[in-house]
Amino acid sequence: MLSVFSMHFPSRNFVFFLWFSVTNGGKTTLAKKLQEHLPHCSVISQDDFFKPESEIEIDKNGFLQYDVLEALNMEKMMSAVSCWMESQQSADTNGDIRILIIEGFLLFNYRPLDTIWNRSYFLTIPYEECKRRRSTRVYEPPDPPGYFDGHVWPMYLKHRQELKTIPWEVVYLDGMKSEEDLFAQVHEDLMQQLAKRKHFS
């Protein structure tokens, strides 16, 4: 899922795009491609903030609980966001809008982020395609037999249900579209959002 968050500092404009997606939904690929085409753009990935395996809880079936917020060091991620903002404040930006894309699978569950974004995107793919893509990926530790059906997909359905309770609009994107079509759709929308920011700043 991606959300758009904006903050205004003295003589500085910041816009934050936050992505949410089911596992293997294509959020990282899309975020990196947008980074290449959006001006003054950086990316922070939630996947970089998983806790060590020794700190991950194990359920009654013996599955490591990676698809929960407690498996992530969100305070460290927020520190990275703060460091980025501080670096941009001190940089000579000539008044240009600075963009940060934060992509992940559980961003909307972290309440300290609730007040900072105003536009959200969620990449979705059906069960069969998600399972197929997951099977082609190599994880450390590797997925044990039954892990997708016993943990990954049920947690995705749980988190997606929770999306219905958030107070901001979510734009759902079809992850079965080609990378080119998805990029074109989102890039056009984000450029419109940036144009609005410039108009009202």
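The side chains of Asp 143 and Arg 134 meet in a salt bridge, with N and O 2.7 Å apart. A salt bridge here is a side-chain nitrogen of Lys or Arg within 4 Å of a carboxyl oxygen of Asp or Glu. Asp 143 is partly exposed, at 30% relative accessibility, whereas Arg 134 is buried, at 9%.

The structure is a predicted model, in which local features need pLDDT of at least 70, side-chain atom pairs count only at pLDDT 80 or more, and totals for chains, interfaces and linings use all residues. Residues are numbered from 1 along each chain as its sequence is written, and side-chain values use heavy atoms, with hydrogens and water left out.

**Salt bridges**

The structure holds 5 salt bridges. Side chains of opposite charge can pair when their charged atoms come close.

| Asp 143 | Arg 134 | 2.7 Å |

Glu 129 and Arg 133 are 4 residues apart in helix 3 (residues 127–135), so about one helical turn separates them. Glu 129 is buried, with a relative accessible area of 14%. Glu 129 also belongs to a network of salt bridges that links it with Arg 132 and Arg 133.

**Overall fold**

The protein chain contains 5 helices and 6 strands. Helices (H or I, at least four residues) and strands (E, at least two) are DSSP runs, numbered from the N terminus. Read from the N terminus, the elements follow the order β-β-α-β-α-β-β-α-α-β-α. Of the 201 residues in the protein chain, 50% are buried.

A contact means heavy atoms within 4.5 Å. Among contacts between residues at least 6 apart in sequence, 75% join residues at least 24 apart. Trp 19 lies in strand 2 (residues 12–21) and is buried, at 0% relative accessibility.

**Cavity and pocket**

Both kinds of space are found on a 1 Å grid over the protein atoms alone: a cavity is a set of points where a 1.4 Å probe fits but cannot get out, and a pocket is an open set with protein on both sides within 12 Å along at least five of seven lines; lining residues have an atom within 4 Å of a point. Grid points are joined across faces, edges and corners, and a volume is the space filled by probe spheres set on the points.

A search of the whole structure finds 1 cavity of 30 Å³ or more. The largest cavity holds about 90 Å³ of space. Its lining includes Ser 21, Asp 67, Phe 105 and His 159. Helix 4 (residues 147–162) supplies the largest share of this lining, with 5 residues. By class, the lining has 6 nonpolar, 3 polar and 2 charged residues. In this scheme Ala, Val, Leu, Ile, Met, Phe, Trp, Tyr, Cys and Pro count as nonpolar, Asp, Glu, Lys and Arg as charged, and the others, Gly among them, as polar.

The largest pocket holds about 850 Å³ of space. It is lined by 34 residues, of which Thr 23, Asn 24, Asp 47, Arg 137 and Tyr 139 lie nearest its centre. Helix 1 (27–37), helix 3 and helix 5 (179–200) each supply at least two lining residues, and helix 1 gives the most, with 5. The pocket lining divides into 13 nonpolar, 8 polar and 13 charged residues.

**Confidence**

The pLDDT is the predictor's confidence in each residue, from 0 to 100. The protein chain averages 84, and 87% of the residues score at least 70. Among the elements, helix 3 has the highest mean pLDDT (95) and strand 1 (residues 2–9) the lowest (45). Over residues 3–12 the pLDDT is below 50, and this stretch has 48 contacts in the model beyond near neighbours in sequence. Where pLDDT is low, the predicted coordinates should not be read in detail.

Definitions and conventions. Buried means under 20% relative accessible area, exposed over 50%, partly exposed in between (1.4 Å probe, protein chains only).
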